[in-house]
Amino acid sequence: MMFSFKFNLPESETPCEAEDDRPEEIIPTTESSELPHNDILKAQEIFPNDKIIDNIDDLVIKANVFSWGDLQIGHVLPQDAVTYLKEDGRIQNLDNNISLADDLHSDLVEGKYEGGLKVWECTIDMSDYMCENDVAMWKDATVLDLGCGTGVLGIAAMLFGAKVHFQDYNEEVIIGSTIPNVLLNLSEDDRTSIKTKCRFFSGDWESLQTLMCEDSEKYQYDYILTSETIYNVKNYKKVYGIIKNQLKKTGFALVAAKSYYFGVGGNIRDFEKYVNDDGLMNCEICWKSEGGIPREILKLTFK
Ligand SMILES: C[S@@+](CC[C@H](N)C(=O)[O-])C[C@H]1O[C@@H](n2cnc3c(N)ncnc32)[C@H](O)[C@@H]1O
């Protein structure tokens, strides 16, 4: 089965092998404990805009393409997010949290912009892992890409036949990157299927959990994918809480992360201990890096 198609990109931007836009480390510039509680972004659903659906080919001038065998996934460039935000028109103040991160030359600014515009290293690991394992399991599955950023993992699941819910902290990321990326990976005739195959949410995980609990049966997933989201110790409870409450008893969650995050303190052993201490789920290492910065993928299943 082929999952790839030709992207409508200029000659110079034809598909290339997965490139590295990988951060060395995460250094937050704000402690979230300093943020008043009402500064935390409220969860909301974001619906794809017909203007973007109709005009995506004209809007995307440049994109990167990752290749995994037959699977190719295109994603727009972080600096072009503003183009899609302008076309969408919903966010009036483009002098927003993302430009703040840009001004600070930072990969993320805690509680304001959580790094969703770039493709992080562990997403590449998890995409490799997904392609190397049984891809048939994604067909007709319901999937949550938690902390999706560009949405590469959810897009891979979608191309393998899943229905996907994408979630990112920032609505600017969902509108300026995730939605354009999903559209870029659907063939021209199939673009409107974004409305039936996918749903999009922004806001803080704590607020997302409240939103999902209000209608919990609608938010039960066969698989939950999350990459580079446990970099902050404060995230363990929120990420694990969503996995524990929204994963079907028969399903599994994959958590890809660096073994240790310098400057923030999150690390995979502490997250593993956090899950084990709760006693409800098994947590096994299903993949480990062999070189470079130590990275792992954990698989969580119910006992
Ligand atoms: C480092 S980025 C990783 C993005 C993407 N998963 C990847 O691997 O390329 C962390 C992601 O987690 C999300 N995130 C971080 N803290 C969050 C929070 N408190 N609530 C909701 N989302 C959050 C951000 O929006 C961001 O997309």
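An oxygen atom of the ligand lies 2.9 Å from a polar backbone atom of Trp120, a polar contact being a pair of N or O atoms within 3.5 Å. Alone, the ligand exposes 580 Å², and the protein buries 98% of that (accessible areas by the Shrake-Rupley method with a 1.4 Å probe).

The model is predicted: local features need pLDDT of at least 70, side-chain atom pairs count only at pLDDT 80 or more, and totals for chains, interfaces and linings use all residues. Residues are numbered from 1 along each chain as its sequence is written, and side-chain values use heavy atoms, leaving out hydrogens and water.

Around the ligand stand 20 residues, of which Thr123, Gly147, Asp168, Asp204 and Ser227 come nearest (a residue is near if one of its heavy atoms lies within 4 Å). By class, this shell has 6 nonpolar, 9 polar and 5 charged residues; Ala, Val, Leu, Ile, Met, Phe, Trp, Tyr, Cys and Pro count as nonpolar, Asp, Glu, Lys and Arg as charged, and the others, Gly among them, as polar.

The lining of the largest pocket divides into 12 nonpolar, 18 polar and 10 charged residues.

Definitions and conventions
Polar contact = N/O pair within 3.5 Å; in protein donor to acceptor, adjacent residues only side chain to side chain.
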